[in-house]
Number of protein chains: 2
Amino acid sequence: MKTTAAEIAPQLAWIAVDWGSSNLRAWGLDKHDHVIAHASSEKGMLSLKADEYEAELHRLVADWLPDSGQINVMVCGMAGARQGWREAAYLPVPTRLDQLSQGAVIPTLSNDRLRVHLLPGLSQTRSASAHFDVMRGEETQLAGLVADNASFSGLACLPGTHAKWAMLASGAVTQFTTYLTGETYQLLARQSVLQHSIGSDDLNDSACRDAFIAAVSEIHKAPATFSSRLFGLRAQDLLDGTLPPGKARSAILAARLSGLTIGLELSGACHACPASEPITLIGNQVLCQRYTLALNAIGYQTQYVDGDTAVLAGLRLAHQALKT
Amino acid sequence: MKTTAAEIAPQLAWIAVDWGSSNLRAWGLDKHDHVIAHASSEKGMLSLKADEYEAELHRLVADWLPDSGQINVMVCGMAGARQGWREAAYLPVPTRLDQLSQGAVIPTLSNDRLRVHLLPGLSQTRSASAHFDVMRGEETQLAGLVADNASFSGLACLPGTHAKWAMLASGAVTQFTTYLTGETYQLLARQSVLQHSIGSDDLNDSACRDAFIAAVSEIHKAPATFSSRLFGLRAQDLLDGTLPPGKARSAILAARLSGLTIGLELSGACHACPASEPITLIGNQVLCQRYTLALNAIGYQTQYVDGDTAVLAGLRLAHQALKT
């Protein structure tokens with residue numbers, strides 16, 4: 001990666017931006033789509049008014065710009081939400097992932113050096129086989145799968161606060177489902193009666209890993225027991241003489257809570273996938289490793305795509321589509 | 001009920017107390033076990049140190065006491081917890097509910113006018129068919145069923161923040177399970193991404209009632225979908241053109257969230273019960289009516305016992321056992 005503005009500006013061809021709720025990451029790319037610059041800030045949708053986006057973007061990338069010409073900026077994520085910079089309305093599924101830029105909106109800027117394209121999210125209305133759902137940002141990571149394989153088909157999972165599962169067929173999202181897994185875990189671990197029992201959550205320890213896997217399998221087999229297994233963590237903390245004391249105890253219970261919440265997600269999400277097909281995990285490595293552990297435990301194989309790699313590939317696909 | 005201390009004192013035979021986490025209710029009873037006095041305070045376990053319980057109790061009941069003699073005070077609930085007045089250790093199930101007073105502890109008081117019996121809770125360790133669990137307070141409400149029918153058998157449910165389901169056989173609790181239903185609802189409705197969509201929850205409106213029943217049935221059939229149906233509430237709020245706007249909209253979504261959380265509980269709890277046997281609901285009337293609506297929707301019958309009536313009957317049973 002180039003280190004000085006003087007080196008970047010002559011080669012800059014376009015800019016990729018992932019603009020989420022709580023932060024913003026920008027990459028400068030050359031004409032071969034190689035990353036030559038990177039910048040980030042903590043100014044996400046939740047801390048910006050609509051008229052503050054342009055200045056924030058300019059603050060981050062102004063040094064990269066060549067002396068003349070207009071630079072395309074491909075933006076995915078919450079900047080395109082109704083509460084963001086300007087709304088890029090959801091595209092209803094099924095949607096081909098190489099056509100996201102057709103739904104992009106171009107905000108009017110005071111500075112004509114940048115031409116910003118806010119990519120749309122995806123929506124799904126209720127039908128016999130589907131439920132209301134929305135995504136914004138994850139569709140661009142999914143598009144990254146299609147950038148490398150135009151006819152990509154299969155089940156993809158993006159773990160996180162609101163985990164997304166999408167079925168892709170020949171490069172299009174046909175159906176998707178969001179699970180409130182990460183948020184539910186955080187609320188239960190930090191704000192419920194369980195907060196007294198739940199410690200730090202790290203699967204490097206083998207007892208924690210075992211507890212995690214056992215909980216995943218248990219809930220995958222019997223999702224109806226989820227709510228009672230939650231209180232069971234508190235009771236186990238009070239009664240189980242076989243658990244170690246102190247931090248080791250609360251770490252095992254944390255691993256078990258994680259296994260229960262992820263197991264509930266998997267029991268809802270995996271039935272659509274034949275066990276012979278690998279599930280594609282997209283996201284940060286540690287969390288995806290946790291999902292791999294869980295999925296392997298219930299008989300599924302996975303393949304992994306780094307989240308940043310995916311979003312950059314998806315933005316590249318959208319940028320390429322501008323030219324056609 | 002008597003209104004003056006002068007009328008109460010000559011007739012007072014014993015005192016019943018339900019001492020929970022956040023409040024305390026005391027009743028004075030005559031020798032026929034009729035309630036002749038009532039008092040309450042907001043001083044529950046969470047706001048009292050161990051050495052403050054006696055003074056708080058005395059403050060509430062001192063006026064009721066006759067000039068001489070010692071009065072038995074039967075206490076259930078969190079006052080007997082480790083963090084309470086003095087610990088009354090859990091009795092392991094199976095436990096006959098007419099024998100709770102055998103596990104009572106009698107704290108040493110500075111005032112010898114009262115003889116306090118702190119009743120124990122129940123615990124359950126892990127086995128092939130059961131999971132770790134605890135209850136404290138609810139066992140005395142269950143004992144109320146046995147006070148009127150010594151050989152009571154059947155499935156009983158005490159809805160609430162931590163809903164308890166207990167299987168009773170011939171007057172004994174053989175197994176029980178706690179569901180984190182009420183607490184999960186509150187966390188999701190008030191502190192999750194759903195807080196923007198969830199309004200006041202009242203089933204008097206028929207659209208809300210229908211949404212509640214539909215959600216119960218949906219999750220009872222497919223508990224694995226629970227986590228995705230949660231996020232679906234947010235998506236439905238964004239996308240569903242058939243819902244009314246404003247408060248009517250958020251009330252329907254609140255009813256639906258309630259149906260999802262209660263439905264998950266029922267999918268875990270009801271399979272043990274033949275649909276031909278009524279499920280006994282114990283608690284406050286409005287909440288038990290909601291559970292009746294939910295249980296009827298999935299094919300179960302209910303019978304209702306008022307929560308205060310149950311706890312008083314349970315404390316009476318424990319008081320009677322002192323004499324034998």
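Me: Hi! Where does A:D33 lie in chain A?
Reply: A:D33 is in the loop of chain A between strand 2 (24–29) and strand 3 (35–41). Helices (H or I, at least four residues) and strands (E, at least two) are DSSP runs, numbered from the N terminus.

Me: Before I go on, what kind of model is this?
Reply: This is a predicted model, where local features need pLDDT of at least 70 and side-chain atom pairs count only at pLDDT 80 or more, while totals for chains, interfaces and linings use all residues. Residues are numbered from 1 along each chain as its sequence is written, chains are lettered from A and ligands numbered from 1 in the order in which they are written, and side-chain values use heavy atoms, leaving out hydrogens and water.

Me: Thanks! Back to A:D33, what is its phi?
Reply: Phi of A:D33 is near 65 degrees, which is a positive value in a residue other than glycine. For B:D33, phi is also near 65 degrees, and B:D33 lies between strand 2 (24–29) and strand 3 (35–41) of chain B.

Me: Which residues does the cis peptide bond in chain A join?
Reply: A:V93 and A:P94, with omega about 0 degrees. A:P94 is in the loop between strand 5 (91–92) and strand 6 (95–96) of chain A. In chain B, the peptide bond from B:V93 to B:P94 is cis, with omega near 0 degrees.

Me: On to the interface. How many residues does the contact take from chain A and from chain B?
Reply: The contact takes 42 residues from chain A and 42 residues from chain B, where contact means heavy atoms within 4.5 Å. Together the chains bury about 3600 Å², 69% of it on carbon and sulfur atoms. Buried area is the accessible area (1.4 Å probe) that two parts lose on being put together, summed over both.

Me: And how many salt bridges are there across the interface of chain B and chain A?
Reply: The rule finds two salt bridges there, counting a side-chain nitrogen of Lys or Arg within 4 Å of a carboxyl oxygen of Asp or Glu. In one salt bridge, the side chains of B:D240 and A:R126 meet at 3.5 Å, N to O. Over all chains, a search of the whole structure finds 24 salt bridges.

Me: At what angle does helix 4 of chain A pack with helix 4 of chain B?
Reply: The two helices (residues 181–191 in each chain) pack at about 115 degrees, with their axes 11 Å apart. That makes helix 4 of chain A roughly perpendicular to helix 4 of chain B. Angles under 35 degrees count as roughly parallel, over 145 as roughly antiparallel, 65 to 115 as roughly perpendicular and the rest as oblique. Axes are lines fitted to C-alpha atoms, for helices over the stretch in contact, with angles from 0 to 180 degrees between N-to-C directions.

Me: Which residues meet there?
Reply: A:E183, A:T184, A:L187, A:L188 and A:Q191 meet B:E183, B:L187, B:L188 and B:Q191.

Me: One last pair: how far apart are the axes of helix 3 and helix 9 of chain B?
Reply: The axes of helix 3 (residues 138–148) and helix 9 (residues 307–323) of chain B are 6 Å apart, at an angle of about 75 degrees. Helix 3 and helix 9 of chain B are therefore roughly perpendicular to each other.
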